[in-house]
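Colleague: I have a few questions about this one before I set anything up. Can you go through it with me?

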Amino acid sequence: MLGRRSNLEQECIITREKASALVVDVKALAARPGTMETLRRALPAPEDFGNALIGAPAGSDITADLRLESVHDGILVSGTASVTAHGECSRCLDPLEVPVTADIQELYVLDPEPAADEEDEQHAVEDDAIDLEPVLRDAVITQLPFQPVCREDCPGLCSVCGARLEEDPEHHHDVVDPRWSALSGLLGTEDAANETTTTREER
Ligand SMILES: [Zn+2]
Ligand SMILES: [Zn+2]
């Protein structure tokens with residue numbers, strides 16, 4: 001039983017260490033309701049800080065400009081967080097960068113009530129500290145485009161061969177009757193079979 005408990009404690013410490021860069025100590029602030037602190041600095045972006053196509057690379061700057069106010073029931077965090085998201089155009093796959101600034105407004109409560117339902121997520125002051133990561137994720141990642149484009153009229157790639165249509169506006173393919181393409185496929189297979197036979201005979 002004792003052994004189990006110490007395992008659990010170890011796990012908690014490891015979790016805190018991982019998140020430490022985005023965990024802010026608010027012990028002094030929480031002790032003085034009515035006071036505030038500012039947090040203006042670059043925080044390192046955690047892993048997977050984005051969606052499938054675009055996001056802030058891990059370790060890149062999240063520029064935080066935040067006010068931390070000590071209110072009677074917790075710490076109110078407000079301000080902005082900015083990142084330069086890197087990704088690729090969803091049409092032509094060119095790399096692109098998108099600057100994103102998100103508004104932050106979140107109360108970390110000192111004595112969280114048991115959650116009424118799971119959707120009603122409540123952030124809490126834990127061990128005299130607040131973890132900015134979930135709040136930054138919610139605020140910034142929801143601002144990222146789901147289908148980023150290098151420019152609104154990007155023509156993208158040819159759906160047949162993948163050529164860049166921007167460089168070749170006349171680009172097209174003669175439409176091949178699917179029956180012919182099936183036949184040429186068959187011929188191709190026969191040729192390949194013949195070649196194999198020939199090779200074998202040569203040996
Ligand atoms: Zn593009
Ligand atoms: Zn093409």
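Colleague: Which residues of helix H3 are buried?

Modeller: Bear in mind that this is a predicted model. In H3, which covers residues 133–141, the buried residues are Val-135, Leu-136 and Val-140.

Colleague: Where do they sit around the axis of H3?

Modeller: They lie on the same side of H3, because the arc they cover around the axis is only 110°. In general, an α-helix has 3.6 residues a turn, so residues three or four places apart point the same way.

Colleague: And what do the buried residues of H3 pack against?

Modeller: Four strands are listed: E5 (61–71), E6 (74–88), E7 (95–109) and E8 (123–124).

Colleague: Different topic. Ile-54, buried or exposed?

Modeller: Buried, because 22 other C-beta atoms lie within 10 Å and the cut-off for buried is 20 or more. Ile-54 belongs to strand E4, residues 54–56.

Colleague: Which residues is Ile-54 in contact with, leaving aside neighbours within four places in sequence?

Modeller: Ala-85, His-86 and Gly-87 are among them, as is Val-98.

Colleague: What C-alpha separation do you get for Ile-54 and Pro-95?

Modeller: 9.7 Å, with the two residues 41 apart along the chain.

Colleague: What about confidence, what is the mean pLDDT?

Modeller: The mean is 82 for the protein, and 73% of the residues are at 70 or more.

Colleague: Where does pLDDT stay under 50?

Modeller: Residues 1–17 are one such stretch, with 1 contact beyond four places in sequence in the model.

Note on methods
Residues numbered from 1 in each chain as written. Chains lettered and ligands numbered in written order. Predicted model: local features only at pLDDT ≥ 70, side-chain atom pairs only at ≥ 80, totals over all residues. Buried ≥ 20, exposed ≤ 12 C-beta atoms within 10 Å, placed from the backbone. Helix = DSSP H or I, 4+ residues; strand = E, 2+ residues; numbered from the N terminus. Arc of directions from axis to C-beta. Contact = placed C-beta atoms within 7 Å. pLDDT = per-residue confidence, 0-100.
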